[in-house]
Amino acid sequence: MSIFKSKDTPKVEFLFSEALRALIDGEKNKSISLLQDVVKKDTNHIRAYLQLGNILRDENTDQALKIHQSLTVRPNLLPEQRVEIHAALAKDYIKIGYIKNAIEEAKKILSIEKRNLWALKFLIKISEENQDWEEAATWSRHLQKISGKKILNDLSRFDIYKGLECMRNGNNEDAKSFFKKAVKKSPNNSKPY
């Protein structure tokens, strides 16, 4: 059995490399076919399954989702593999409009790898798109802590958004309070003025 595996491994890796090359060359169907060959020959080739699902995401999101979900129950996954799988699932869920599921996948990444920049930026982006300024500010603070970069304009921008929202709702006193917070956080930012 091990002799067979050692003979087959180089061929599988060659097929995987060829699949990636085909993808780079814009030959999606060839890449899909090669990746399917890889997973037939080696059912433990996680990277091939991941790539196959990523390629299918645009045209057959349900199939991509099934592939990526099936990987989550695999035993003995490395932390990096689990992170990649949850990131792929987050992208799948965004594609079909399941925002809450996508957020949960990003949070799972952070439970595996607390300092994952992709997951934090993803959560900030989703929070901004949903105009959830409190969440966006929370994730931005977390990102600033781990990146070591103080970008006060980023944090003050969420206070500005909250202030503008209050203004639209006719609550000028609360709006003024948020604008003052923004000025405090970033006095050189002219937008809150």
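Predicted model: local features only at pLDDT ≥ 70, side-chain atom pairs only at ≥ 80, totals over all residues.
Biologist: What is the mean pLDDT of the protein chain?

Modeller: The mean is 85, and 79% of the residues reach 70 or more. pLDDT is the predictor's confidence in each residue, from 0 to 100. Over residues 1-6 it is below 50. Beyond near neighbours in sequence, that stretch has 0 contacts in the model. Contact means heavy atoms within 4.5 Å.

Biologist: Why is the pair of Y93 and Y98 called stacked?

Modeller: Rings of Phe, Tyr and Trp (its six-membered ring) pair if their centres lie within 6.5 Å; planes under 30 degrees apart count as stacked, over 60 as edge-to-face and the rest as tilted. The centres of Y93 and Y98 are 6.3 Å apart and the planes are at 10°, so the pair is stacked. The structure holds 2 aromatic pairs.

Biologist: What makes W118 and F122 a stacked pair?

Modeller: Their rings are 4.8 Å apart, centre to centre, with 20° between the planes. W118 and F122 are 4 residues apart in helix α7 (residues 117-129), about one helical turn. Helices (H or I, at least four residues) and strands (E, at least two) are DSSP runs, numbered from the N terminus.

Biologist: Why does F122 count as buried, and why does W118 count as partly exposed?

Modeller: Buried means under 20% relative accessible area, exposed over 50%, partly exposed in between (1.4 Å probe, protein chains only). F122 is at 11%, so it counts as buried. W118 is at 30%, so it counts as partly exposed. Leaving aside neighbours within four places in sequence, F122 touches A90, I94, A102 and A106.

Biologist: How do you know that H45 is buried?

Modeller: H45 has 6% relative accessibility, so it counts as buried. H45 sits in the loop between α2 (28-41) and α3 (46-56). Not counting residues up to four places away in sequence, it touches V12, E13, F16, V38 and V39.

Biologist: What makes D92 and R57 a salt bridge?

Modeller: A salt bridge is a side-chain nitrogen of Lys or Arg within 4 Å of a carboxyl oxygen of Asp or Glu. The closest N and O atoms of D92 and R57 are 2.6 Å apart. The pair links distant parts of the chain: D92 is in helix α5, and R57 is in the loop between α3 and α4, 35 residues apart. D92 is at 0% relative accessibility, so it counts as buried. R57 is at 11%, so it counts as buried too.

Biologist: How do you know that K125 forms a salt bridge with E129?

Modeller: The closest N and O atoms are 3.5 Å apart, within the 4 Å limit. Both residues lie in helix α7, 4 residues apart. K125 is exposed, and so is E129.

Terms used:
Residues numbered from 1 in each chain as written. Heavy atoms only, no water.
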